[in-house]
Amino acid sequence: MLEQIKQIKHNFEQQFKEVKTLSEIQVLKKEYLGKDSPLITILKSMRDADEQTKQEIGKQANLLLVEIANQLNELSETLNNEILNEQLKGERIDVSLPGMNLKFGSKHPLNLVIDEISQIFTEIGFEMVDGTEVEQDEFNFQKLNLPKDHPARDMQDTFYLDEESVLRTHCTNMTSRLLTQLAEQRTDNQNLAAISYGNVYRRDDDDATHSHQFMQIDGFAVGEKISFANLKWVLKHMVKRLFNEKVNIRLRPSFFPFTEPSVEVDISCFKCAGVGCGLCKNSGWIEILGAGMINQQVMELNGLDPNKVTGLAFGIGIERIAMLKFGINNIRLFYENNVEFLTQFPFYGK
């Protein structure tokens, strides 16, 4: 067996001289260190040998195993270093070259308007809520004084998922939900002010100023002795912050099922100061939203006593405000993901 060990060592040395690559090292490792290698076979065959033979042959076989492993590992490390050095030479970076220009993102103009309105109303105590877009007919229509088969639904009837579920047609669905929750609390303190916002869906023909899907902000406040004067103050405060301090409002009688009295709200043209221009169609006024005092029937439908609490409400299209603030003449620009359009707004409000 000693002669076999010497022959194995001789064979390894001859083959080791020819090794040039890492793959050839792996071949030698398998041949001389694997479980079926000749040295391992010799060690396995000594199980029944006498003690002296085991010590002598086992020592020589193990020494050769260690020697082979060390030589292969050293050569493997050397070749790896050579490969790494070649890669470093080829991938060297010239740090004197100018850096890459990184393009910074920007907020979508609709989100800019949402953030600004959120700031305005949180400062005066309103809560911000983002409600569900899939709503029950009960909260989207019935509890807002729009019973089934009511003709006023024709302007809003939209995408029904089933007989009782619909994609909400306005953010006022959250008004009915929050009023119902307030009534269920059965507390003496029934003061609540909130702004709900998000996507709404209507049966409408798409054009430059209309879309079957758009974003809306709906606000309300309920409590004792809330009056039309409070509504007027809130509306004036909002438009002066959104546009400028010189803007005034004009209220025109209107009809909404969930408010009574109801008004259409116009603002004096902030571009021409009311003189008349293309933006206001030479009228001096721009229509921006609808508002009113919460209808007594709506209070009752949501479980509140209209003799104890009153409320104001208003709804406004976010796209409408964004188009006025930023001078945009086509609502479809908000949804086309045109990078050149979106990059116009990176530093707005900074």
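Trainee: In which strand is the place of Glu-260?

Mentor: This is a predicted model, and in it Glu-260 is of interest because the unreviewed UniProt entry places the feature "binding site" at this residue, an annotation that may be inferred rather than shown by experiment. As for its place in the fold, Glu-260 belongs to the strand that covers residues 259-268, which is strand S7.

Trainee: Is Glu-260 buried or exposed?

Mentor: A residue counts as exposed when its relative accessible area is over 50%. Glu-260 passes that cut-off, so the residue is exposed, with a relative accessible area of 51%.

Trainee: Which residues does Glu-260 touch, not counting residues up to four places away in sequence?

Mentor: Although Glu-260 is exposed, the residue does have contacts with other parts of the chain. With residues up to four places away in sequence left out, the residues that Glu-260 touches are Met-293, Ile-294 and Asn-295.

Trainee: What is the omega of the peptide bond that joins Glu-260 and Pro-261?

Mentor: Pro-261, like Glu-260, is found in strand S7. The peptide bond that joins Glu-260 and Pro-261 is cis, and its omega is about 0°.

Trainee: What is the radius of gyration of the protein?

Mentor: The protein has 11 helices and 9 strands. For its 350 residues the globule rule gives 20 Å, and the computed value is well over this, so the protein is more spread out than a compact globule. The C-alpha atoms, taken along the principal axes, fill a box of roughly 115 × 55 × 35 Å. The radius of gyration itself is 40 Å.

Trainee: What share of the 350 residues do buried residues make up?

Mentor: Of the contacts with a separation of 6 or more, 66% are accounted for by residues 24 or more positions apart. The protein exposes about 20700 Å², of which carbon and sulfur atoms supply 50%. The share of the 350 residues that is buried is 43%.

Trainee: How many residues of helix H10 are buried, and which parts of the structure do they pack against?

Mentor: Among the buried residues are Ile-318, Ile-321, Leu-324 and Phe-326. Just after H10, Gly-327 takes a positive phi of about 70°. The buried residues of the helix pack against helix H5, strand S5, H8, strand S8 and strand S9.

Trainee: Which residues is Leu-242 in contact with, leaving aside its neighbours within four places in sequence?

Mentor: Leu-242 lies in helix H8, which covers residues 228-242, and its relative accessible area of 2% makes it buried. The C-alpha atoms of Leu-242 and Lys-325 are separated by 8.1 Å, although these residues are 83 residues apart along the chain. Leaving aside its neighbours within four places in sequence, Leu-242 is in contact with Glu-116, Ile-117, Ile-120, Ile-321 and Lys-325.

Trainee: What is the phi of Asn-282, and is this residue buried or exposed?

Mentor: Asn-282 lies in the loop between S7 and S8, and its phi is positive, at about 60°, although the residue is not a glycine. Its relative accessibility is 61%, so Asn-282 counts as exposed.

Trainee: Where is the place of Asn-145, and is it buried or exposed?

Mentor: Asn-145 has a positive phi near 70° in a residue other than glycine. The place of Asn-145 is in the loop between helix H6 and strand S3. Its relative accessibility is 17%, and with buried meaning under 20%, Asn-145 counts as buried.

Technical notes. Residues numbered from 1 in each chain as written. Predicted model: local features only at pLDDT ≥ 70, side-chain atom pairs only at ≥ 80, totals over all residues. Heavy atoms only, no water. Helix = DSSP H or I, 4+ residues; strand = E, 2+ residues; numbered from the N terminus. Buried < 20%, exposed > 50% of the residue type's maximum accessible area, 1.4 Å probe, protein only. Contact = heavy atoms within 4.5 Å. Rg over C-alpha atoms; globule rule 2.2 N^0.38 Å. Areas by Shrake-Rupley, 256 points an atom, 1.4 Å probe, with all protein chains shown as cover.
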